[in-house]
Amino acid sequence: QVQLVESGGGLVQAGGSLRLSCATSGRTSFSNLCMGWFRQAPGKEREFVASISRNGAHTYYTNSVKGRFSISRDSAKNTVYLQMNNLNAADTAVYYCGADLTSDLDRASIQDSLYDFWGQGTQVSVSS
C-alpha cells in the first residue's frame with residue numbers, strides 16, 4: 001500500500017552534515033502516515049532515531065541525537081526528511097524510514113513494531 005524510498009546517505013567526516021529523504025508513494029495518503037527514522041549499526045539491533053506525527057505538530061528524538069538531528073515532513077512532496085548535523089562515528093548505521101498508518105493525528109511512534117511499512121535503508125558512514 002505504501003512504498004518508501006530513502007536517499008541522501010553517504011560518507012562524511014565527523015562534524016559534518018547530511019540530509020536524508022524518504023519519498024512515499026502508493027494508494028495510502030501521506031497525510032494518514034506517522035513517519036519515523038530508525039537506524040541499525042553493525043552487530044546491533046535497530047533503534048529509534050526520530051518520528052513525526054501526521055500533522056507535524058509532534059516530534060520525538062532519541063536522546064543521543066537531540067539538538068543535532070531534525071525531522072520534518074513536506075506534504076506537497078509526500079516526503080519526510082532527517083537533517084543530521086554534527087555527525088559523529090556513533091551515528092554510523094543503515095538508516096531506515098518507516099510509515100505508521102494511524103488514525104491518530106498526534107501520534108509519533110517510537111516503537112518499530114507500530115510501523116507498517118519500511119524502506120530499504122540508506123547507509124550513513126561517519127569517519128573520525
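A polar contact is taken here as a pair of N or O atoms within 3.5 Å; within protein, one atom must be able to donate a hydrogen and the other to accept it, and residues adjacent in sequence count only if both atoms are side-chain atoms. The model is predicted, so local features need pLDDT of at least 70 and side-chain atom pairs count only at pLDDT 80 or more, whereas totals for chains, interfaces and linings use all residues. Residues are numbered from 1 along each chain as its sequence is written, and side-chain values use heavy atoms, with hydrogens and water left out.

The backbone nitrogen of Gln-120 is reached by the side chain of Glu-6 at 3.0 Å. Glu-6 is buried, where buried means under 20% relative accessible area, exposed over 50% and partly exposed in between (1.4 Å probe, protein chains only). Glu-6 has no salt bridge, a salt bridge being a side-chain nitrogen of Lys or Arg within 4 Å of a carboxyl oxygen of Asp or Glu. The nearest side chain of opposite charge, that of Arg-46, is 8.2 Å away; Lys and Arg count as positive and Asp and Glu as negative, while His and the chain ends are not counted. When residues up to four places away in sequence are not counted, the residues in contact with Glu-6 (heavy atoms within 4.5 Å) include Trp-37, Tyr-95, Cys-97, Gln-120 and Thr-122.

Thr-122 belongs to the covered face of β11, together with Val-124 and Val-126. The uncovered face of β11 carries Gln-123, Ser-125 and Ser-127. Strands are paired if DSSP finds at least two bridges between them. Strand β2 (residues 10-13) runs parallel to β11 and is joined to it by 4 bridges, and Gly-10 has Val-124 as its bridge partner in β11. β9 and β11 run antiparallel and are joined by 3 bridges; in β11, Thr-122 is the bridge partner of Tyr-95.

Tyr-95 is also among the residues with the most contacts inside the largest nonpolar core, as are Met-35, Trp-37, Leu-82 and Met-84. This core has 29 residues, a nonpolar core being a set of buried Ala, Val, Leu, Ile, Met, Phe, Trp, Tyr and Cys residues joined through side-chain atoms within 4.5 Å. Strands that each supply at least two of its residues include β1 (2-7), β4 (33-40), β8 (79-84), β9 (93-101) and β11 (122-127). The largest share of this core, 4 residues, comes from β9.

The count of salt bridges comes to 5. Arg-39, Glu-47, Arg-68 and Asp-91 are linked in a network of salt bridges. Arg-39 counts as buried because its relative accessibility is 5%, whereas Glu-47, at 34%, counts as partly exposed. Asp-91 forms a salt bridge with Arg-39, with the closest N and O atoms 3.0 Å apart. Asp-91 lies in the loop between β8 and β9 and Arg-39 in strand β4, so this pair ties together parts that are 52 residues apart in sequence. Asp-91 also meets Arg-68 in a salt bridge (2.8 Å, N to O). Because Arg-68 lies in the loop between β6 (59-61) and β7, and Asp-91 in the loop between β8 and β9, the pair ties together parts that are 23 residues apart in sequence. Both Arg-68 and Asp-91 are buried.
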